[in-house]
Amino acid sequence: GSYAFDGSGLLSVTIPNSITVIPGHAFSQSPITMVTLPNTLTRIDGRAFWKCYSLSSVNFEEGLLTIGQHAIQYCNLGQVTLPNSLTSIGDAAFYGAHITSVVIGTGIETIGESAFTFNNGCESITIKAMNPPTLGNNAFDSTNNCQIYVPTISVDTYKSASGWSTYADRIQAIPTT
């Protein structure tokens with residue numbers, strides 16, 4: 001991959017348009033701080049940004065369908081917004097990624113095992129999908145016991161859904177602004 005320093009001294013990477021897949025291990029253990037993804041991207045494969053400890057900014061664009069296993073594990077992300085196009089988040093995809101808040105779009109169907117585990121500073125998890133996605137074990141363990149916000153009409157469905165029931169006491173309606 002090519003690295004470029006922008007004016008602020010951040011080590012940033014811009015993935016060119018027309019790229020549809022970021023292959024496994026593409027940037028693993030690299031010193032990048034910021035990634036700009038194109039709207040042509042459909043997949044981020046396993047361990048693509050694994051152990052990019054300084055990576056604090058990633059824009060996830062509409063069109064992205066899947067994020068692979070361990071893809072963004074051990075990063076330094078902060079706030080994350082995942083697009084409505086995203087259907088699948090792999091096992092341990094955001095494990096230990098220092099997420100403070102995450103918004104998951106309406107299209108999500110599968111959230112893998114330990115997908116968001118060990119985000120101890122997490123303040124909120126919002127899932128916009130009406131139907132509870134299939135949820136892997138321990139997906140939201142060690143996330144500071146933060147609230148999990150879901151669509152108002154789906155609160156009871158989520159609370160009783162397989163896997164989700166573990167987190168029932170944390171599930172509530174998305175606040176209206």
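Visitor: What counts as a contact here, and what share of contacts between residues at least 6 apart in sequence join residues at least 24 apart?
Guide: Contact means heavy atoms within 4.5 Å. The model is predicted. Among contacts in the chain between residues at least 6 apart in sequence, the share that joins residues at least 24 apart is 25%.

Visitor: How many helices and strands are there in the chain?
Guide: The chain has 177 residues, and 47% of them count as buried. Its secondary structure comes to one helix and 15 strands.

Visitor: What is the radius of gyration of the chain, and what does the globule rule give for 177 residues?
Guide: Taken along the principal axes, the box filled by the C-alpha atoms is roughly 50 × 30 × 30 Å. The chain is as compact as a globular protein of that length, because its radius of gyration is close to the value from the globule rule. The radius of gyration is 16 Å, and the rule gives 16 Å.

Visitor: What part of the accessible surface belongs to carbon and sulfur atoms?
Guide: The accessible surface of the chain comes to about 8,200 Å². Carbon and sulfur atoms hold 49%.

Visitor: Which are the edge strands of the open sheet of six strands?
Guide: The order of this sheet is 3-5-7-9-11-13, with parallel pairing. An edge strand here pairs on one side only. That applies to strand 3 (21-22) and strand 13 (134-135).

Visitor: Which residue in strand 5 stands opposite I22?
Guide: Strand 3 pairs with strand 5 (residues 43-44) in the parallel sense, over two bridges. In strand 5, the residue opposite I22 is I44.

Visitor: Which residue stands opposite Y149 in strand 15, and what is the hand of the crossover from strand 14 to strand 15?
Guide: Strand 14 (residues 147-150) pairs in the parallel sense with strand 12 (residues 124-127) over three bridges, and Y149 is the bridge partner of T126. Strand 14 is also joined by three bridges to strand 15 (residues 171-173), again running parallel. In strand 15, Y149 stands opposite Q172. From strand 14 the chain passes through helix 1 (residues 155-160) to strand 15, and this β-α-β crossover is right-handed.

Visitor: Is S85 buried or exposed, and which backbone nitrogen lies 2.7 Å from a polar atom of its side chain?
Guide: S85 lies in the loop between strand 8 (78-82) and strand 9 (88-89). The cut-off for buried is under 20% relative accessible area; S85 has 16%, so S85 is buried. Not counting residues up to four places away in sequence, S85 touches E61, E62, G63, L64 and L65. The backbone nitrogen at 2.7 Å belongs to G63.

Visitor: Which side chain does a polar contact of 3.4 Å join to that of D91?
Guide: D91 is placed in the loop between strand 9 and strand 10 (99-104) and, at 28% relative accessibility, counts as partly exposed. Leaving out residues up to four places away in sequence, D91 touches Q69, H70, G112 and E113. The polar contact of 3.4 Å joins the side chain of D91 to that of Q69.

Definitions and conventions:
Residues are numbered from 1 along each chain as its sequence is written. This is a predicted model: local features need pLDDT of at least 70, side-chain atom pairs count only at pLDDT 80 or more; totals for chains, interfaces and linings use all residues. Side-chain values use heavy atoms; hydrogens and water are left out. Two strands pair if DSSP finds at least two bridges between them. Helices (H or I, at least four residues) and strands (E, at least two) are DSSP runs, numbered from the N terminus. A crossover is right-handed if, with the strands pointing away from the viewer, the path from the first strand over the helix to the second runs clockwise. Buried means under 20% relative accessible area, exposed over 50%, partly exposed in between (1.4 Å probe, protein chains only). A polar contact is a pair of N or O atoms within 3.5 Å; within protein, one must be able to donate a hydrogen and the other to accept it, and residues adjacent in sequence count only if both atoms are side-chain atoms. The radius of gyration is taken over C-alpha atoms; the globule rule is 2.2 Å times the number of residues to the power 0.38. Accessible areas come from the Shrake-Rupley method with a 1.4 Å probe; for residues, only the protein chains shown count as cover.
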